[in-house]
Amino acid sequence: MRPHEQRIAQHLHRRARWRWSEIAFWIAVVVIVFVIPSRASLINEILVNGLFALSLDLILGLAGVVSLGHAAFLGVGAYAAGILAAQGLDDPTLGLLVGGLFGGVLGLVTAPLLLRGSDLTRLMVTLGVSLMFGEIANRASWLTGGADGLEFTMGKVLGLFPIGFTGQRNAALYSLVVLFVLFVLARRIRQSPFGLSLTAVRENRLRAGALGIATHRRIIGVYAISAAYAGVAGALLAQTTAIASLDLFDFHRSADVMLMLIIGGAGYLYGGIIGAALFVVLRDFIASATPQYWEFWIGLLLVVLVLTGRDRVSALVLRAARTIMPNSLKQGGSA
Amino acid sequence: MTAPALEARGLVRQFGGLLATDDVSFQLAPGARQALIGPNGAGKTTLINLLTGVIKPSQGAVLLDGEDITALASYDRVRRGLARTFQINQLFPDMSPIESIGLAISERHHGGADFWRVAGGRRDIAEEVEELLTTFGLIDRMDEPTRFLPYGKQRLLEIALALACKPRVLLLDEPAAGVPEDERHDILRALAALPGDVAILLIEHDMDLVFNFATRISVLVAGRLLCEGAPKDIAQDPRVRAVYLGEDAHG
């Protein structure tokens, strides 16, 4: 045994350990789902959007690839699951798999478009792809139901638990389980040598290539995984609301999910879920007070966050919280 | 006779009207300690980029251990044993030296394709990381983000990362560039300690370093190889003195 080997192995391994703050986070989410059943529909929206934002985090946070067209995968996943259910194959798990598969294949096919050019190129290419797929779904109304959307009913999860209709707690629980499973997988990917190589590609693509990393292939790989995640999110959204509609392809979906991720913080995987919660709750809260102006406040939050940096904002909030409640918040979890 | 570790055959590279590399041919024997010198704008960096595959030559071929690698992408060349360092630090600012080196080693072992295993689970990788960190004097800063390391340590990490790829040929692009005088000996020591079986091509402006390190020197002027030979011959070559060394230079 060499003198520093233990420390080196621990250092390489350090992000893989579950921290208390993480365990507390997930317990809190479970508690919330059970404690406020009256807001189950809102909670479900948060969880599904959290999964969608997690999918964006895989490419933006891990690999540094920007996208303004992630809604394409959300929509394709939703319609894949919806059409399947409408044809009588209404097993939810099958729907998720097929939604993820369609999202992933579409991601794999379009990823090579992202390898050249600048961030602006990538924003425009991803936006263009999502516009194209939205229009294809619109034109293929025989398959997608066109502007009317596609309605269907779902079977029981694993043949045991009915998802129920919108607003029921079962839907939120189902979304929570799917989110958690995919989160654990994403967490594992982030800590693997593959995830480490994505960090390297993000931080210095030139050097990553000089270490023998096939940077293009890594980006295509993670983009396909991310698109599959978005496809599952779309399938989940369709299943828990029993409808797939064309607005899933809308530009605002892609923009909103980017907002959620930036508000919550990219790169550590929890940011998407936290951002989705803030975004949805804030919208719900402000919209009931001043229905027209809620986007003003979201906009303000975004500007403040991006200009001052998230670390400073959260430090400020933490300090303010400590002043108000000096005893209850002693060095809280370090998320 | 064994094939040269690295060989350039008639390399030509044109940028528009500019002939940046003009019919360059040379050989690097296995385990060689060779230097490439030349005035600013001679095309040294272009030549490195041609050899490593960052840019493709307009004409000519690059051979590694006698095998034509001209068509290979740069990361494929690395996997076959051709590594390089950069004149301007190309590191991962938010990753620690442990992570950076660990990544390079794990890429070499597995091609980084496995996304299920957790990084750091393997003992042999941790052992190799420690060996490199010790050799390059990086142990005491090994778990800090690279951007907090002093410049001299970052220069050492540059070389350590390249060496983590276990190359048979190593191209060092001005390893001492910008290193303050009192930290220079660390670089010199690191260069002297490089494994003897690795063929090294050193691109450098610092003549002390070149004449200390190299047993053979090639001179590149205006994209062409002017001459090649032992250090003492190069130092006395009137053409080299005229274009590069100047009358009061070393030797």
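View 1. Strand 9 of chain B is joined to strand 10 of chain B by five bridges, and the two run antiparallel. Helices (H or I, at least four residues) and strands (E, at least two) are DSSP runs, numbered from the N terminus; two strands pair if DSSP finds at least two bridges between them. The model is predicted: local features need pLDDT of at least 70, side-chain atom pairs count only at pLDDT 80 or more, and totals for chains, interfaces and linings use all residues. Residues are numbered from 1 along each chain as its sequence is written, while chains are lettered from A and ligands numbered from 1 in the order in which they are written. Two residues lie between strand 9 and strand 10 of chain B in this hairpin, and B:Ala222 in the turn has a positive phi of about 50°. B:Val219 is opposite B:Cys227 of strand 10 of chain B. Strand 9 of chain B is largely enclosed by the rest of the structure, because five of its six residues are buried (20 or more other C-beta atoms within 10 Å of the residue's own, with C-beta atoms placed from the backbone).

**View 2. The six-stranded sheet of chain B.** The sheet is open and mixed, with strand order 6-7-8-3-9-10. Strand 6 (82-84) and strand 10 (224-229) of chain B are the edge strands, each pairing on one side only. Strand 3 (residues 33-37) of chain B pairs in the parallel sense with strand 8 (residues 199-203) of chain B over four bridges, and B:Ala35 has B:Leu202 as its bridge partner in strand 8. Strand 3 of chain B also runs parallel to strand 9 of chain B, joined by four bridges; here B:Gln34 is opposite B:Arg216.

**View 3. Helices 5 and 6 of chain B.** Helix 5 (residues 151-164) and helix 6 (residues 184-192) of chain B pack at about 15°, with axes 10 Å apart; axes are lines fitted to C-alpha atoms, for helices over the stretch in contact, and angles run from 0 to 180 degrees between N-to-C directions. Helix 5 and helix 6 of chain B are therefore roughly parallel (angles under 35 degrees; over 145 counts as roughly antiparallel). The contact (C-beta atoms, placed from the backbone, within 7 Å) involves B:Gly152, B:Arg155, B:Leu156 and B:Ile159 of helix 5 of chain B and B:Asp186, B:Ile187 and B:Ala190 of helix 6 of chain B.

**View 4. Helices 8 and 11 of chain A.** Helix 8 (residues 169-191) and helix 11 (residues 215-241) of chain A cross at roughly 170°, their axes coming within 10 Å. The two helices of chain A are therefore roughly antiparallel. A:Ala171, A:Tyr174, A:Ser175, A:Val178 and A:Leu182 of helix 8 of chain A meet A:Tyr229, A:Val232, A:Leu236 and A:Thr240 of helix 11 of chain A.

**View 5. The surroundings of A:Gly103.** A:Gly103 lies in helix 5 (residues 92-110) of chain A and is buried, with 32 other C-beta atoms within 10 Å. Beyond its neighbours within four places in sequence, its contacts include A:Phe73, A:Val76, A:Ala227 and A:Gly231. The C-alpha atoms of A:Gly103 and A:Ala235 are 9.7 Å apart, although the residues are 132 apart along the chain.

**View 6. The side of chain B that touches chain A.** In this interface, 39 residues of chain B contact 30 residues of chain A. Helix 3 of chain B gives the most to the chain B side, with nine residues.

Methods
Parallel < 35°, antiparallel > 145°, perpendicular 65-115°, else oblique. Contact = placed C-beta atoms within 7 Å. Buried ≥ 20, exposed ≤ 12 C-beta atoms within 10 Å, placed from the backbone.
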